[in-house]
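I opened my notebook to look this protein up piece by piece, and I wanted each entry to say plainly what I found. The model comes first, and my entries follow.

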Amino acid sequence: MQNDLFSLCRPYPVVSLVGLSKSAGKTTVLKHLIHAYKRYTKSNAQALPPLAVTSVGQGGVFPEIRIYKGMYAATAAGVLRDCDFTRRIVHTTGISTPLGEVIVAEALSDGRVSLAGPSVNSQLGELCRYMRAEIGAGQILVDGSGDRRTFAQASGGVILCAGAALNRDINAVAAECAHICRLMNLPLEAECREDAVIRRISGALTDEILGEITDCADIKITAVIAADMSKIFVKSAVLDRFLHRGGKIYVNKPADLIAAALNPTAPGLGYAFDRAEFLAAVRDRVSVPVFDVEEHETVYG
């Protein structure tokens with residue numbers, strides 16, 4: 001997974017890891033990408049621009065990862081002081097979190113860092129723009145929290161992580177993964193037909209709203225336009241009813257889905273999926289590359 005997924009991610013300046021639930025495998029995928037970056041820079045004469053990492057602030061759960069000399073980490077001051085790598089503070093962002101201001105630090109040695117980044121989408125966007133423009137980060141990896149799809153919009157690339165912890169039914173997890181992938185691949189507003197009867201949704205598109213649009217007898221809405229997929233909270237069955245009636249949903253902003261990564265284990269819940277069966281169930285339903293987190297997991301010292 002390291003080389004293949006790393007290669008798929010390389011064209012994207014920012015990559016967000018978005019989970020369908022807790023224990024989806026996001027942090028494990030993040031570790032793989034960091035390790036692949038390190039291996040690539042060691043084996044190639046032409047070094048890559050520096051890699052930067054951060055996360056979405058997540059209510060007391062802070063992923064701990066290993067970073068390497070020359071990388072950058074953006075995290076809250078309250079957790080940065082407990083990290084064991086030698087560092088140089090390059091920027092104080094002014095972004096407040098319950099654990100203090102988000103600080104951008106350059107790693108002067110290898111070591112471990114806990115990530116506790118911004119919890120507001122606009123702040124995450126500002127942070128990513130700073131690290132790209134001011135410190136020359138070649139790529140920024142963002143560890144999102146479980147089911148926080150809003151933060152996918154801070155990036156041009158998204159890895160969707162799905163795990164057995166979402167549901168004991170393997171087909172239910174595969175179906176939900178396929179549904180979210182479908183939402184991430186909705187067409188842009190520019191592709192909407194000129195003769196379409198349009199309903200624009202400024203806030204969240206919910207089951208109730210889409211159901212009312214589908215069942216309205218007074219006017220037949222043929223196109224619904226939402227800001228982006230992070231504002232769409234509709235179940236697959238509700239969406240299918242609207243599409244079956246001839247409707248289409250469009251978005252203003254795309255979500256560029258790179259791949260799906262699967263975690264067949266459900267930590268603490270006492271069960272796990274068969275890896276091959278889980279992979280096959282998701283691959284049969286989606287059009288993007290699918291990777292197994294557990295099969296390629298590496299323990300880093």
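How many bridges join strand β12 to β14, and do the two run parallel or antiparallel? I looked this up and found four bridges between β12 (residues 223-226) and β14, which run parallel. I noted that two strands count as paired if DSSP finds at least two bridges between them, and that helices (H or I, at least four residues) and strands (E, at least two) are DSSP runs numbered from the N terminus.

Before going on, I wrote down that this is a predicted model, in which local features need pLDDT of at least 70 and side-chain atom pairs count only at pLDDT 80 or more, while totals for chains, interfaces and linings use all residues. I also wrote down that residues are numbered from 1 along each chain as its sequence is written, and that side-chain values use heavy atoms, with hydrogens and water left out.

**Entry on the whole protein.** I counted eight helices and 18 strands in the protein. Of its 301 residues, 50% are buried, where buried means under 20% relative accessible area, exposed means over 50%, and partly exposed lies in between (1.4 Å probe, protein chains only).

**Entry on the open sheet.** I followed β12 and β14 into an open sheet of three strands, whose order is β10-β12-β14 and whose pairing is parallel. Its edge strands are β10 (198-200) and β14 (248-251), each of which pairs on one side only. I reminded myself that strands of a sheet pair through backbone hydrogen bonds, either parallel or antiparallel.

**Entry on V251.** Next I picked V251, which lies in strand β14 and stands opposite A226. Is V251 buried or exposed? I found V251 to be buried, with a relative accessible area of 3%. Leaving aside the neighbours within four places in sequence, I listed the contacts of V251 (heavy atoms within 4.5 Å), among them L186, P187, L188, A226 and I232. E189 is also on that list, and although V251 and E189 are 62 residues apart in sequence, their C-alpha atoms are 5.5 Å apart in space.

**Entry on helix α7.** Which residues of α7 are buried? In this helix (residues 236-244) I found V238, L239 and F242. They cover an arc of only 95° around the axis, which puts them on the same side of α7; the arc is that of the directions from the helix axis to the C-beta atoms. The cover over the buried residues of α7 includes α5 (170-184), α6 (207-215), β12 and β14, whereas the face turned away from the buried side carries the exposed residues A237 and H244. After α7 comes G246, whose phi is positive, near 100°.

**Entry on strand β2.** I then turned to β2 (residues 51-55), where five of the five residues are buried. L51, V53 and S55 point one way, while A52 and T54 point the other way. I recalled that in a regular strand the side chains alternate between the two faces of the sheet. Two bridges join β2 to β4 (residues 72-76), which run parallel, and V53 stands opposite A73 in β4.

**Entry on S23.** Last, I looked at S23, which is found in the loop between β1 (14-19) and α2 (26-43). Its phi is near 60°, a positive value in a residue other than glycine. S23 is partly exposed, with a relative accessible area of 32%.
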